[in-house]
Amino acid sequence: MHIERVELITVRMPLVHPFTTSFSTQTERRPLLVRITASRDGQTVTGWGECVALFDPSYSPEYLDGAREMLRRFLVPSLLEWQAAGRTVTAETVAAATAHVVGHRMAKAALEMAVLDAGLRLDDRRFADYLGVTRAVVPSGVSVGIESSIPDLLAQVGGFLDEGYARIKLKIQPGWDVEPVRAVREKFGDVPLQVDANTAYRLSDAPLLRRLDPFDLLLIEQPLAEDDLRQHALLAQQIATPVCLDESIVSVEAAADAIAMGAASVINIKPGRVGGYLAARRIHDLAEANGIAVWCGGMLETGIGRAANIALAGLPGFTLPGDVSGSNRFYAQDVTEPVVMKDGVVAIPDGPGFGVEPLADVLADVTIDAVDIAAHRS
Ligand code: SMG
Ligand code: MG
């Protein structure tokens, strides 16, 4: 394909309810969308990507303004230079074209994602078909933040269960762990339940985390620090709840290390965190070959990232429900037609590429910044 133009569009979206984790309280999200105009054989299409970096560098080293600057100053120019040198531009070549930039996987993932969507649209092919996914729907889990009281938490969880969500994930931190889990089990019984600590504990907390063992949780996600695979392996030997890694798995290599060390028996795959959907697919394949379950994480994506995640979650190794909830879990108004959760599942979109695009009037309303980069005509 020939890339004509790349736009970096920052949008502002208020959350329907504050979302508190061990590291922050979010009341709004500012996703960075990447719009690519690309052509081939006289046909011109638009491809969309979404950068999952948060506003602050609190979940990962990457953050909104840094990712936008990285794309504007380094990644997009590198891809355009690659193109000007006569090299092939496809989703499969974006990583090579930007390999000289160290790190910045979320920014790279957003660019690769937009090229992937554009390429699939030029081929009139669905992302799910490109992946070889045959399922039409995937189970939909929901992530529930830290609330100010147990009754507030139970009201939230009860609402999501009434809506039909297939699995509940509770955010935990020291002081908000055993009691909320006990309260949810007592009130709602045997629902599929897991917890996410976002790195809030230390290995010396193993006796405390062992107190979660009797609640038969599906998993505990990222209990310890991002860069501490070895201590996760030690913790896994001391608790019965399966250890799942999120923040630690920044690449295929990190996934291979974690599996080899016994640091995780489950992996949360977030395409943005690992550098894109192609790397995400490789982690899925690696985990499947090693008998490690995976599920699709979420970063409060708009309908664009959500649509792509839902298709990815259709791969056979995704044996646990993902954080792929309906748009209304976070947003009163999504930038795309809303993703709808019904009867515990979300549908893989039909249509070429990721099968979704922003609604023009909504996009205009929520855009707070736009950077336009034109390619030189070769
Ligand atoms: O998109 O459903 C979603 C959010 C799921 O809890 C979620 N994400 O650590 O897994 C995680 C968090 C990261 C974002 S917290 C602001
Ligand atoms: Mg997590």
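How many salt bridges does the structure hold? The structure, a predicted model, holds 24 salt bridges.

View 1. Contacts between them involve 31 residues of domain 1 and 44 residues of domain 2. Together the two domains bury about 3200 Å² against each other, and carbon and sulfur atoms account for 67% of that area. On the domain 1 side, F19, Y59 and R105 supply 20% of the area buried against domain 2, more than any other three residues.

**View 2. Polar contacts and secondary structure at the interface of domain 1 and domain 2.** The count of salt bridges between domain 1 and domain 2 is 0. Polar contacts do cross this interface, with 16 residue pairs found, both residues at pLDDT 80 or more. On the side of domain 1 that touches domain 2, the elements giving two or more residues are the strands β2 (13–20) and β5 (43–51) and the helices α2 (91–97), α3 (105–122) and α13 (360–366). Helix α3 gives the most to this side, with 8 residues. By residue class, the side of domain 1 that touches domain 2 has 21 nonpolar, 4 polar and 6 charged residues.

**View 3. The salt bridge between K169 and D323.** The side chains of K169 and D323 meet with an N to O distance of 2.7 Å. Side chains of opposite charge can pair when their charged atoms come close.

**View 4. The surroundings of D323.** The loop that holds D323 runs between α12 (303–312) and β14 (345–347). Which residues are in contact with D323, leaving aside its neighbours within four places in sequence? They are G141, V142, S143, R167, K169, W295, C296, G297 and G298. The side chains of D323 and K169 are also joined by a polar contact of 2.7 Å. D323 is part of a network of salt bridges that links R167, K169, K171, D196, E221 and D323.

**View 5. The salt bridge between R121 and D117 in helix α3.** The closest N and O atoms of R121 and D117 are 3.0 Å apart. Both residues lie in helix α3, 4 residues apart, about one turn of the helix. Are R121 and D117 buried or exposed? R121 counts as buried because its relative accessibility is 13%. D117 counts as buried because its relative accessibility is 0%.

**View 6. The salt bridge between R182 and E179 in helix α6.** The side chains of R182 and E179 meet at 3.3 Å, N to O. Helix α6 (residues 178–188) holds both R182 and E179, which are 3 residues apart, about one turn of the helix. R182 has 30% relative accessibility and so counts as partly exposed. E179 also counts as partly exposed, because its relative accessibility is 43%.

**View 7. Positive phi at D41 and D124.** Most residues other than glycine have a negative phi. D41 is not a glycine, yet has a positive phi of about 50°. The loop between β4 (32–40) and β5 contains D41. With a relative accessible area of 76%, D41 is exposed. D124, likewise not a glycine, has a positive phi of about 55°. The position of D124 is in the loop between α3 and α4 (127–131). D124 is exposed, with a relative accessible area of 61%.

Methods
Residues numbered from 1 in each chain as written. Chains lettered and ligands numbered in written order. Predicted model: local features only at pLDDT ≥ 70, side-chain atom pairs only at ≥ 80, totals over all residues. Heavy atoms only, no water. Polar contact = N/O pair within 3.5 Å; in protein donor to acceptor, adjacent residues only side chain to side chain. Contact = heavy atoms within 4.5 Å. Buried area = accessible area lost by both parts, 1.4 Å probe. Salt bridge = Lys/Arg side-chain N within 4 Å of Asp/Glu carboxyl O. Nonpolar A, V, L, I, M, F, W, Y, C, P; charged D, E, K, R; others polar. Buried < 20%, exposed > 50% of the residue type's maximum accessible area, 1.4 Å probe, protein only.
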